[in-house]
Amino acid sequence: MLLKIDSLKEEIDIQQVSNAEELESFRLKYLSKKGILNSLMEEFRTIPVEQKREVGQKLNELKVFVNEKFRLLKEGLTTAEDPALAEIDLTRSATPFPTGSRHPLSIVRNDIIKIFSDMGFTIAEGPEIEDDWHVFSSLNFPADHPARDMQDTFFISRNPVDVLLRTHTSSVQTRTMEKTKPPIRIVCPGRVYRNEAISARAHCFFHQIEGLYIDKNVSFADLKQVLLNFARQLFGPETKIRLRPSYFPFTEPSAEMDISCDICGGKGCAFCKETGWVEILGCGMVDPNVLRECGIDPDIYSGYAFGLGIERITNLKYKVKDLRMFSENDVRFLAEFESAR
Ligand code: DAH
């Protein structure tokens, strides 16, 4: 009988139940009136007196063991079946959900800002609603310059002063020079507005980043080096740059910068119109008139400025063919940039 008790204990120890029915058959088999435990009790009565002590003790242990096992099995089942308890299973993996993605213009703007901030530039911002002085007069635009024309500029009011939507971020140059003493080293990202008919190649609003560096002894060579470094970081280490003479009222001398076409590697293709070069920004040495207008002595300080269009650079990097896609916010378009950041 001792052997029987031992093997029964082993058998019970490994029992598992996965639902209420199985738990009930466990109870019937071992704990009910006609169950194994009771039949062992019956048998116990018939054994010789000298064995009673030892067997009785073992039998009692078995009884405690079976009851405890039943309690544990029941407890396990309640936890598994109760949805409230099942929900706090901390080992379960999280349910994935879509996180959205950054807008391509933001991706490129952040990339550009990162490159310049690594070179010591800080970010400056200014208002989109501006006055004539910050957008034009302070930047050496003659009174009859065509950019002031109704064709280009959205005017908000004209009396007593012209209030308008800024047509370029160069206005932030003026705002910064007005209130900061050199050295000044800033990049100014922001939205600008022009009165253009909306098409695949033009929009009435777009985004620019303006750069400005004012200090003693700043030269055109400094400008060129900073722009070369910028172009190589943004478009790859093999990128070449080319500066062509140009004209802007607020810089003298002025230039436009091209980069070697990254599609054909400079050999000439349809994208670069067979020239091997693509224009990406305007730049130059800040005109002494502008410094003077903003309270900076051009005999002591000099500086350079540059301005680029974020849409243009994004088009070059991601080959977006229609400018309107940037503002339509079609999720199928936006989702294409999920892996970009
Ligand atoms: N403001 C010019 C534009 O909107 C871009 C520009 C050109 C900015 C040359 C500059 C610069 O600072 O030096 O077309």
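Biologist: What volume does the second largest pocket have?
Modeller: About 320 Å³. This is a predicted model, where local features need pLDDT of at least 70 and side-chain atom pairs count only at pLDDT 80 or more, while totals for chains, interfaces and linings use all residues. Residues are numbered from 1 along each chain as its sequence is written, and side-chain values use heavy atoms, with hydrogens and water left out.

Biologist: What counts as a pocket?
Modeller: On a 1 Å grid over the protein atoms alone, a pocket is an open set of points where a 1.4 Å probe fits, with protein on both sides within 12 Å along at least five of seven lines; lining residues have an atom within 4 Å of a point. Grid points are joined across faces, edges and corners, and the volume is the space filled by probe spheres set on the points.

Biologist: Which residues lie nearest the centre of the second largest pocket?
Modeller: Leu 105, Arg 191, Phe 206, His 207 and Glu 311, out of 22 lining residues.

Biologist: And which element gives the most to that lining?
Modeller: S6, with four residues. Helix H6 (104-118), strand S5 (184-193), H11 and helix H12 (325-328) are also among the elements that each supply at least two. Helices (H or I, at least four residues) and strands (E, at least two) are DSSP runs, numbered from the N terminus.

Biologist: How does the lining of the second largest pocket divide by class?
Modeller: Into seven nonpolar, nine polar and six charged residues. Ala, Val, Leu, Ile, Met, Phe, Trp, Tyr, Cys and Pro count as nonpolar, Asp, Glu, Lys and Arg as charged, and the others, Gly among them, as polar.

Biologist: Now the largest pocket. What is its volume?
Modeller: About 1,400 Å³. It is lined by 47 residues, and the closest to its centre are Arg 194, Phe 206, Glu 279, Gly 309 and Arg 312. S9 provides the largest share of this lining, seven residues. By class, the lining of the largest pocket has 23 nonpolar, twelve polar and twelve charged residues.

Biologist: Where is the ligand, then?
Modeller: The space it takes is the largest pocket. A molecule sits in a pocket if more than half of its atoms lie within 2 Å of the pocket's grid points.

Biologist: How many residues surround the ligand?
Modeller: 15, of which the closest are His 168, Ser 170, Arg 194, Gln 208 and Glu 210. Here a residue is near a molecule if one of its heavy atoms lies within 4 Å of it. Strand S6 (205-215), strand S9 (277-286) and strand S10 (302-309) each supply at least two residues of this shell. The shell has five nonpolar, eight polar and two charged residues.
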